2 protein chains.
Amino acid sequence: MKIIVDAFGGDHAPEEILLGCAQAMEELGVEILLSGDQKRLESAAAKLNLSEQLAHMEILHCSEVLTMEDEPASVVKEKAGSSMAVGLKALAEGKGDAFASAGNSGALVVGATTIVKRIRGVRRVSFAPILPKFEGFFMLNDGGANVDCRPEMLLQFGIMGSAYMKKVMGIENPRVGLANVGSEDHKGDELRQEALALLRACPSIRFVGNVEARDIPYDAADVVVADGFTGNMMLKLYEGVAMAVMDKMKGVFQKSLLNKLAASVVYGDMKALKKSMDYNEYGGAPIMGASKPVFKIHGSAKASTVKNALRLTRDYAQSGIIEEIARAVGKKEETL
Amino acid sequence: MKIIVDAFGGDHAPEEILLGCAQAMEELGVEILLSGDQKRLESAAAKLNLSEQLAHMEILHCSEVLTMEDEPASVVKEKAGSSMAVGLKALAEGKGDAFASAGNSGALVVGATTIVKRIRGVRRVSFAPILPKFEGFFMLNDGGANVDCRPEMLLQFGIMGSAYMKKVMGIENPRVGLANVGSEDHKGDELRQEALALLRACPSIRFVGNVEARDIPYDAADVVVADGFTGNMMLKLYEGVAMAVMDKMKGVFQKSLLNKLAASVVYGDMKALKKSMDYNEYGGAPIMGASKPVFKIHGSAKASTVKNALRLTRDYAQSGIIEEIARAVGKKEETL
């Protein structure tokens, strides 16, 4: 199992990426093929005392970097020589089994579509973050790759998400729900009503109907299907509200000496609570619908999150879900 | 100032509505006209020792109630004799200055549109909840009345929300932002791009551009403009995530004897925190765009929330914003 890693994507590249790759190589039994500037990688490795580990990794040398400010489409044009584009091309050419990057999500989606290509029959590649809920986690699909969606795309997000949650995240018989403004079947706009009918008629998933946003943080479904506009709003609001409440709580604990004392008592538990609500803990988001496994590592990932993400990337590649999606989508294609 | 109140809307009707009305009459100097079953009101008042107060209120007798399970459109058809419909008709006929109900929001929007009628030039009536943010509050407009929106409607939501925040909530020069998947102008779908251009060109509001969901709980804008589908998802997710974090915190505080001790120290501050994140504290949501003031009281409102809501209803009626909206919308109509 060889994972191609964009060594220059993310807020803490290349150092934390390199550290995470070294840990992954040691702990997960994977081979690493880095894309990025060889000289800069060697010098970073020397500083981190990782030269020996780097010597066990392959490097695809390229000097350019695609930044967060670059347009997503630049991955196939202006930044075709970037570490992200070069890594994606290497995956497409079979130089590795999967590709992971902590760089620009939009560019990764475009690259997965145009360089790696979609699974035959898949309408659109999606961005599918794993988010914490009250207990455990759920997948939001699509979390922002497609701001304009048609009903068939929502159906496919459900099929793809279900396969991932089952085979990679170990959820037996995952429940798929459609994010909507009410639980009754007639709720929502035309897109929701048509998508509901398609999802309900799909034999390969366990569809539980419309789910309301209020219930999603509790346990409404294992896969929450949304168009990319709504999904992205939800993803970011989820993060914002949780952060705001946590920040307020911090304010309470710093308010007085007595409160600080109380804080010291519950410190460990509160830290665990914060961790349980932090979506960075889940390492990232698979890009679903590409014909080979592409994984988005969180942009702010440090070494241990990079390693966790590479574990998920490995599991994604080993799971056989791309073949499963191809079969499920191919079957649906005949009837659509 | 006479406020017409739906005595049979909401989870705790008629008791808590009656109590809230009695408080409002005493503290806010408003007259109350109740719509609902006279006998049931008299018996509830007797039990609550409020018979004297009830004697100072007028009653529009009607025996039907429109429930949460009724279709919104039933307010003009099957449930035209309900306390909500009768109250709305009384407002339309000038029997009072404003109408407030804790009943079915969808029906209230339909009733405001068809019974009270829209302000001339207003495309759609909207549901505009006031939500807590890190410090203070903001308005979400539309929070769910219109699942399908056109750009001109989003423009009007901005204009109406700005007028309300200025004149009723006392925000000087309120900032209006468009909820979108990114802050740059080119972000989002066609609806967002066209709405952005209209909002930017509108001289009567202080438009601050696109706002990302992540920043909304902090201080992105005083009025967050959204289509009703996205707005409703945001409204309910906001509530759900805050509740989930609070519930988790409760779990921490009950975990051990020592934790319980710590909890007792910060109890008052945590209660205040919870209150500051509880959108029930703001009493409800104005229905915007109706030609007379219609106000949605939270469905779960108890007496003090009912009273707060009636204060906002009174302020809405006294603010002159309906005339202001008519002027602003009329002016825009000429150029649209």
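Predicted model: local features only at pLDDT ≥ 70, side-chain atom pairs only at ≥ 80, totals over all residues.
Local features need pLDDT of at least 70 and side-chain atom pairs count only at pLDDT 80 or more, while totals for chains, interfaces and linings use all residues; side-chain values use heavy atoms, with hydrogens and water left out. Residues are numbered from 1 along each chain as its sequence is written, and chains are lettered from A in the order in which they are written.

The second largest pocket holds about 1,500 Å³ of space. Here a pocket is an open set of points on a 1 Å grid over the protein atoms alone, where a 1.4 Å probe fits, with protein on both sides within 12 Å along at least five of seven lines; the volume is the space filled by probe spheres set on the points. Its lining (residues with an atom within 4 Å of a point) has 43 residues, of which Asn104(A), Ser105(A), Gly106(A), Lys236(A) and Lys187(B) are the closest to the centre. Helix H5 (105-116), helix H8 (228-253) and strand S11 (284-288) of chain A each give two or more residues, and H5(A) gives the most, with five. Helices (H or I, at least four residues) and strands (E, at least two) are DSSP runs. By class, 13 lining residues are nonpolar, 17 polar and 13 charged, with Gly counted as polar and Asp, Glu, Lys and Arg as charged.

H8(A) also packs against helix H9 (residues 257-276) of chain A, at an angle of about 155° and with the axes 10 Å apart. H8(A) is therefore roughly antiparallel to H9(A), a term for angles over 145 degrees on a scale from 0 to 180 degrees between N-to-C directions. In the contact (heavy atoms within 4.5 Å), Met246(A), Met249(A), Val252(A) and Phe253(A) of H8(A) meet residues of H9(A) including Ala263(A), Val266(A) and Met270(A). Eight residues of this contact are nonpolar, one is polar and two are charged.

Turning to the backbone, most residues other than glycine have a negative phi, and most peptide bonds are trans. The bond from Ala13(A) to Pro14(A) is cis, with omega near -5°, and Pro14(A) sits in the loop between strand S1 (2-6) and helix H1 (15-28) of chain A. In chain B, the bond from Asn141(B) to Asp142(B) is cis too, with omega near 10°. Asn173(A), in the loop between helix H6 (151-167) and strand S8 (175-180) of chain A, has a positive phi, near 55°.

Note on methods
Parallel < 35°, antiparallel > 145°, perpendicular 65-115°, else oblique.
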